[in-house]
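Please read it alongside the sequence and the structure shown here.

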Amino acid sequence: MRKGCSKFFLEDERQFERWNDSAIKSLKAEFKLFKDVVLLSLMHPWERDARLLKKALKKGPPHYNVIVEIACTRSSDQLLGARKAYHSLFDRSIEEDLASHVKGSERKLLVALVSAYRYEGPKVKEDAAKSEAKALLNAIKNNNGDHKKKAMEEDEVIWILTTRSKPHLKVVYEQFKKISAKTITEDLEVELLLKETVECLCTPQTYFTRVFDTALREDAKEDAKKALTRLVATQEDVDLKGIAAKFEDKIKERVKGAYKDVLLGVLADDRK
């Protein structure tokens, strides 16, 4: 078996055969990613999301994007199910945990996002969308003035992003681009959490593509790889075929073993 896995072993100056620390470290990391994607895939989606929410909350602000991702990419019923699972698992609501642990303007946004139960029909009010695009533009302009105020601190911004349907918000996104000559996300570079909220609601493919790109870089950090694992295991209802063609070669080149097979298998299924 050692001879068949020779890359994991080397001889030192005394001709003693021992394992290659670097190769073993990579092997352990690969096994962990494979274990994580399998466990996340096997859990009931409601329990899985509830546990991911709890973990992100415990880890603090750098991981609040996970809360945004779950709240904004799930259907209304899926998000409600995650909230019910959170009650059963932790004897508390996600809303009260967010309210007691998150500080500043992020608290208002995150509590409102996880509490949302959006209309999921196709109807969109064009006039309202135009008006709300102007309101978002004004809020962002205020953020760039002499008396800076975060767009996230504006009640109307929170109201629009946490109550309107996704089809409606996509029209707001397009109207914003018409009156501003920029996208909302381009104007929100300094408010990353709000930018990711808009991306997940209005242009989720942009968000997913960035997750893939960051995780498949040669110098990718552990959190970036975990984000890709989470995405692959949780986005069953999302069409990833547009991303598959772009990143398939990088996956084959930079990911190894069973974890690579899982990623390629998921992307292959999405292309069928």
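1. Helix 2 and helix 12 are roughly antiparallel to each other (angles over 145 degrees count as such, those under 35 as roughly parallel, 65 to 115 as roughly perpendicular and the rest as oblique), because their axes cross at roughly 160° and come within 12 Å. Axes are lines fitted to C-alpha atoms over the stretch in contact, with angles running from 0 to 180 degrees between N-to-C directions.

2. This is a predicted model, in which local features need pLDDT of at least 70 and side-chain atom pairs count only at pLDDT 80 or more, whereas totals for chains, interfaces and linings use all residues. Residues are numbered from 1 along each chain as its sequence is written, and side-chain values use heavy atoms, leaving out hydrogens and water.

3. The crossing of helix 2 and helix 12 is left-handed (the near helix is turned anticlockwise from the far one by less than a right angle; clockwise would be right-handed). On the helix 2 side, Arg 48, Leu 52 and Lys 59 meet Lys 226, Arg 230, Ala 233 and Thr 234 of helix 12, contact meaning heavy atoms within 4.5 Å. By class, this contact has four charged, two nonpolar and one polar residues (Ala, Val, Leu, Ile, Met, Phe, Trp, Tyr, Cys and Pro count as nonpolar, Asp, Glu, Lys and Arg as charged, and the others, Gly among them, as polar).

4. Helix 1 (residues 21-42) also packs with helix 12, at an angle of about 30° and with the axes 9 Å apart; the two are therefore roughly parallel. Their crossing is right-handed. Helix 1 contributes Lys 32, Leu 33, Asp 36, Val 37, Leu 40 and Ser 41, and helix 12 contributes Lys 225, Lys 226, Thr 229, Arg 230, Val 232 and Ala 233. The classes are five nonpolar, two polar and five charged residues.

5. The whole structure has zero disulfides (pairs of cysteine sulfur atoms within 2.5 Å). For Cys 72, the nearest cysteine sulfur is that of Cys 200, 5.6 Å away. Cys 72 is buried at a relative accessible area of 0%, and Cys 200 is buried at 3% (buried is under 20%, exposed over 50%, partly exposed in between, for a 1.4 Å probe and protein chains only).

6. Gln 175 lies in helix 9 (residues 166-180) and counts as buried, at 12% relative accessibility. Leaving aside neighbours within four places in sequence, Gln 175 contacts Glu 126, Ala 129, Lys 130 and Ala 133.

Key
Helices (H or I, at least four residues) and strands (E, at least two) are DSSP runs, numbered from the N terminus.
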